[in-house]
Amino acid sequence: MKFQFRKYVYSGMVLAILLLSHSTQDVFGKKKNVSPVLPPAKAAFPTTEVTIPMVEFPKYPEAAKLDSLASPRKVISTNFTSREINHIGVGDVARFKDSDTEIIDLSLIQEGDFAFPLPGAKVISPYGGRRRHHSGYDIKTCPNDTIVAAFDGVVRFSKPYSAYGNVIVIRHYNGLETVYSHNSKNFVKPGDVVKAGTPIGLTGRTGRATTAHLHFEVRFNGVHFNPNYVFSFSRRTLKKECLICRKKGNHVSVKPVRALPLYLIDREDEKK
């Protein structure tokens, strides 16, 4: 019995070695069905040449030039005629010189190149309003408060003018003009060059005014339009509008369009 046990153990070891060394054959000498290994298939690419359209990517200023960005400037006439220094609603001969359409992109005006004309003021009468023909915004704080220039420009008019009382008109390098009236005192005279935020006068109630306040207008080529196209009077900030100014005959129209995608603009401005 002892001899037979060893015989069986020896036979099992031989069988295991045979199985390991001949994995492709079974114990009866028959070959297994093994799938052949195929080489990887090659990708078939189109042989037709496809023309890729040219794409022009936007060019952004280099980092070193970001601090030197300047607000765009239009050509304005500053050799004022007698009519220009004596009347409020007069045009600029430089406007509509080459085209019947001009664009003023307020979003390109840099920080520091604009200022709210009466910081801290509240609106007491908007453009149009109950009077319908109200040509500007009435804003006030207290009597003899300091009025500042809204943009860089040249003073065109500064003196009393009918119901406006003491009034100042500034012609700006962006193509607009701003009007400041009912002032108790004017600090500037025609021909003076002013920067945005420069003090130009004090609020008052000269002319046809029942209380001390600032009557503020914005004009293009002598025609007034809604100052709310330019400033948010609730936040006292410059709006990101693009003003489309068109001339048809003797008529001038100013319409605002959004200069940025709506998702980048605070929709609260639309309610003001």
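Trainee: Which residues do ring pairs link into a cluster?

Mentor: The cluster joined by ring pairs consists of Phe116, Tyr137, Phe151, Tyr180, Phe216, Phe231 and Phe233. Rings of Phe, Tyr and Trp (its six-membered ring) pair if their centres lie within 6.5 Å, and planes under 30 degrees apart count as stacked, over 60 as edge-to-face and the rest as tilted. By this rule there are eleven aromatic pairs. The model is predicted, so local features need pLDDT of at least 70 and side-chain atom pairs pLDDT 80 or more, whereas totals for chains, interfaces and linings use all residues. Residues are numbered from 1 along each chain as its sequence is written, and side-chain values use heavy atoms, with hydrogens and water left out.

Trainee: Why is the pair of Tyr137 and Phe233 called stacked?

Mentor: The ring centres of Tyr137 and Phe233 are 3.9 Å apart and the planes stand at 15°, so the pair is stacked. This pair links distant parts of the chain, 96 residues apart: Tyr137 is in strand β3 (residues 137-140) and Phe233 in the loop between β13 (231-232) and β14 (237-238). Strands (E, at least two residues) and helices (H or I, at least four) are DSSP runs, numbered from the N terminus.

Trainee: What makes Tyr137 buried?

Mentor: Buried means under 20% relative accessible area, exposed over 50% and partly exposed in between (1.4 Å probe, protein chains only). Tyr137 has 8%, so it is buried. Phe233, with 7%, is buried as well.

Trainee: What makes Phe225 and Tyr229 an aromatic pair that is stacked?

Mentor: Their rings lie 6.0 Å apart, centre to centre, with 25° between the planes. Phe225 counts as buried because its relative accessibility is 5%, while Tyr229, at 23%, counts as partly exposed.

Trainee: How do you know that the charged end of Arg73 sits over the ring of Tyr173?

Mentor: A charge sits over a ring if NZ of Lys or CZ of Arg is within 6 Å of the ring centre and within 35 degrees of the ring normal. The charged end of Arg73 is 4.1 Å from the centre of the Tyr173 ring and sits over that ring.

Trainee: Why does Gly89 count as partly exposed?

Mentor: Its relative accessibility is 45%, so Gly89 counts as partly exposed. Gly89 lies in the loop between α1 (2-21) and β1 (101-105). Beyond neighbours within four places in sequence, Gly89 is in contact (heavy atoms within 4.5 Å) with Arg219 and Gly222. The C-alpha atoms of Gly89 and Arg219 are 8.1 Å apart, although 130 residues separate the two along the chain.
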